[in-house]
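Subject: Structure handover

Hello,

Here is the structure I promised to pass on. Please open it alongside this message; my notes follow below.

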Amino acid sequence: MANPGYGKRSAPDERPRTGRDFAHLRPRDAAVAAYIDQLPDGSDISVKTLAKHLPYGQCALRTTLNRLQDAGHLRRGSECVIKEEIMFWVTRTFFSRTAREHEWWNAYIRGDVPPDQPQRPTRSRAFILLAALGRTAPMLSLSAADCARLEPQVSEWFARGATEAELLHALTGGLPSPVHCAARLVERRLRDKLPPERVIPGPRTVLRTLECGECGVPGPAEALLGGLCRPCRGASPAPPAGPPGAVQPPGVRDRMNTVRAGLIPRSERAHPHKGRTYP
């Protein structure tokens, strides 16, 4: 494991693992990606540490991590965290089992990535708590109809910031014996012990930055296409000039030299009319 706060961080909304998650990669890259995927968050996945556990050298692992970055599985960067009212930056490697496009990584760095496959639970959090209430206090076992009827009241508790532990304590603490009507008792306690509305803090600003996978220079996600800065990506090829098939400026001189080399000197040309007689 890396130092607290550092190391691997799994990307959100990952699909379930399959045997072909990394089948599109080269064999060595796929083996390293599968190994990293199995590690828990916070693991040290630097090339030095990986070389101690995998049968590859540091140079080979550095090349593999760059390929995983290019394939959309990995990004290196830093994130600002708050601990005991102190803000500090930690180095992290973000890993995604699912290959992601450059735009997805940009959105993730901004903190506004939508889920790939949103799934709506079949039962709400409130319904599940009511249905399991009898496991904590058998005298408060409720029917499905009672759970559905009391569900909005429990949801209101959650909306006001209450936790499951607080709800269970309010519903099961100091129960009379016997309980003649569990549903009515739960309904009364939910109404009488409803907590006041709590001020919910606004969304936390996500402070993250990425680093070039080649030279380590930090920069905004928009400038690190494929995880590389502009100097490491190299100069972009200039668009072709002229109509389709036209010889580009760098090759004009070579093309003309080839044409000249194929010309027949004037002195060696045949003269079809020389020596002919006409009737």
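Start at Gly77, which sits in strand β2, residues 74–83. Bear in mind that this is a predicted model. Gly77 has a relative accessible area of 1%. The cut-off for buried is under 20%, so Gly77 counts as buried. What does Gly77 touch, leaving out residues up to four places away in sequence? The list is Val90, Thr91, Arg92, Phe94, Thr209, Leu210 and Glu211. Gly77 and Ala221 are 144 residues apart in sequence. In space, their C-alpha atoms are 9.7 Å apart.

Next, go to Gly219. This glycine belongs to strand β5, residues 218–219. Gly219 is buried too, with a relative accessible area of 16%. Setting aside neighbours within four places in sequence, Gly219 contacts Thr209, Leu210 and Leu224. Cys229 is 10 residues along the chain from Gly219. The C-alpha atoms of Gly219 and Cys229 are separated by 7.9 Å.

Now the whole chain. The secondary structure comes to 11 helices and five strands. The protein chain has 279 residues, and 32% of them are buried. Take the contacts with a separation of 6 or more: 62% of these join residues 24 or more positions apart.

On the α1 side, the contact uses Arg28, Asp29, Val32, Ala33 and Ile36. On the α3 side are Ala60, Leu61, Thr63, Thr64, Leu65, Arg67 and Leu68. By class, this contact holds seven nonpolar, two polar and three charged residues.

The second pair is α7 (residues 144–159) and α8 (residues 164–172). Here the axes are 10 Å apart, and the packing angle is about 130°. That angle makes α7 oblique to α8. The crossing is right-handed. Which residues meet? From α7 come Val154, Trp157 and Phe158. From α8 come Glu164, Leu167 and Ala170. Five residues of this contact are nonpolar, none is polar and one is charged.

Follow the chain into the loop between α8 and α9, where Pro178 lies. Check the peptide bond from Ser177 to Pro178: is it cis or trans? The bond is cis, with omega near 0°.

That leaves helix α9, residues 182–192. Its buried residues are Ala182, Ala183, Leu185, Val186, Arg189 and Leu190. Look down the axis of α9 and these residues fall within an arc of 165°, so they line one face of the helix. What do they pack against? The partners are α5 (125–131), α6 (133–136), α7 and α8. So both members of the second pair, α7 and α8, also take part in packing with the buried residues of α9.

Best wishes

Methods: Residues numbered from 1 in each chain as written. Predicted model: local features only at pLDDT ≥ 70, side-chain atom pairs only at ≥ 80, totals over all residues. Heavy atoms only, no water. Axes fitted to C-alpha atoms, helices over the stretch in contact; angles between N-to-C directions. Helix = DSSP H or I, 4+ residues; strand = E, 2+ residues; numbered from the N terminus. Parallel < 35°, antiparallel > 145°, perpendicular 65-115°, else oblique. Left-handed = near helix turned anticlockwise from the far one by under 90°. Contact = heavy atoms within 4.5 Å. Nonpolar A, V, L, I, M, F, W, Y, C, P; charged D, E, K, R; others polar. Buried < 20%, exposed > 50% of the residue type's maximum accessible area, 1.4 Å probe, protein only. Arc of directions from axis to C-beta.
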